[in-house]
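Below are some notes for a colleague who is meeting this structure for the first time. Please read them with the model open beside you.

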Amino acid sequence: MVAVGAPSVASSSYTAQPKFAVQLEEARQQRDRLVDHGPADALLANAGLAAEGTVHIGTERYHRLRSALCVALGLDEGVQPLERLHGALGAGFSPRAAQHAQAMRQKALLLSPLANLSAPPSAALLDLYDALVCEVVAPHVRLALPTEHRLLYAAYPTIRVQQPSELATIRPHVDGMYALQPGSLNFWLPLTSPAHERRALMVESEPGREDFHPLMPAPAELVRFNGRRCVHFTTPNLTTRTRVSIDFRIVPGSLYDSTNRLSRHGYFSSACLREGARWEKEHMGRVSTLHGMPHTRLPTLTSGSQQE
């Protein structure tokens, strides 16, 4: 059972605003169009994977990911840890709503080096992510689905930075709105601590339940949830710390749809089970703005070997 916070935040002043109500209704409509897709959804549900859960990734791995991200962003972790990353958004950073757009532009610039996968720091972060999938996530999925021997996963994790702000950074939505295929699962890993409901991801536990609650795992806990059909969003980070997290989507090989829009754009890398119950990456997908890469231009496909 995933550790969550109290659902009281769902009745906050933010969620009572008319704009939020409109966005939530749009997300509901999208969610309700994503009816169960037979074998794919049933397989995940019967295996217990569609429900919220956590996977411990190990303290050492957690700190290596934190440190690698700091290095890739050019931050001195000892001077400016990820929890204080907003201090790197310019001398004039302010959490005020009027300064939100400027903070978002500065954040895009700060994160833009990650898009250069040929740079050693970005490549090192990618290696750690691939290892997380092959050594933790793939075995976790196979434990529930013993016949699986292949896993598709986002070619690069989406990096989320929720700086202190009077405005929210992610509207209510379901990932199925963006063509995520049936049989997909979301994984979410905060790289900052301590957890706080004001800078957490808000999720409903099952599609349509709307028991919105903040995900607040312990450090080194990776959260699994049904992001394709469960509405999720953030609320304004009314604290003095930044929340940094990574998230990614996976599809068990037997459920993979190569004709899906994301698949056709090379969104997924793949890993396969080798002798000795060891998982190895077998194919690199094409990293693009579909992964939430912090490009400062309009979305385009940017790298990778798989062609359109």
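1. Leu125 counts as buried because its relative accessibility is 6%, where buried means under 20% relative accessible area with a 1.4 Å probe and protein chains only. Leu125 belongs to helix α5, residues 120-144, a helix being a DSSP run of H or I with at least four residues, and a strand a run of E with at least two, numbered from the N terminus. Beyond its neighbours within four places in sequence, Leu125 touches Leu65, Ala68, Leu69, Leu114 and Tyr156, with contact meaning heavy atoms within 4.5 Å.

2. The model is predicted, with local features needing pLDDT of at least 70 and side-chain atom pairs pLDDT 80 or more, while totals for chains, interfaces and linings use all residues. Residues are numbered from 1 along each chain as its sequence is written, and side-chain values use heavy atoms, leaving out hydrogens and water.

3. Strand β4 is mostly covered, six of its six residues being buried. On one side these are Leu185, Phe187 and Leu189, and on the other Asn186, Trp188 and Pro190.

4. β4 pairs with β9 in the antiparallel sense over six bridges, and strands count as paired if DSSP finds at least two bridges between them. Within this pairing, Leu189 has Ile246 of β9 as its bridge partner. β4 also pairs in the antiparallel sense with strand β7, residues 221-225, over three bridges, and there Trp188 stands opposite Val223.

Definitions and conventions
Buried < 20%, exposed > 50% of the residue type's maximum accessible area, 1.4 Å probe, protein only.
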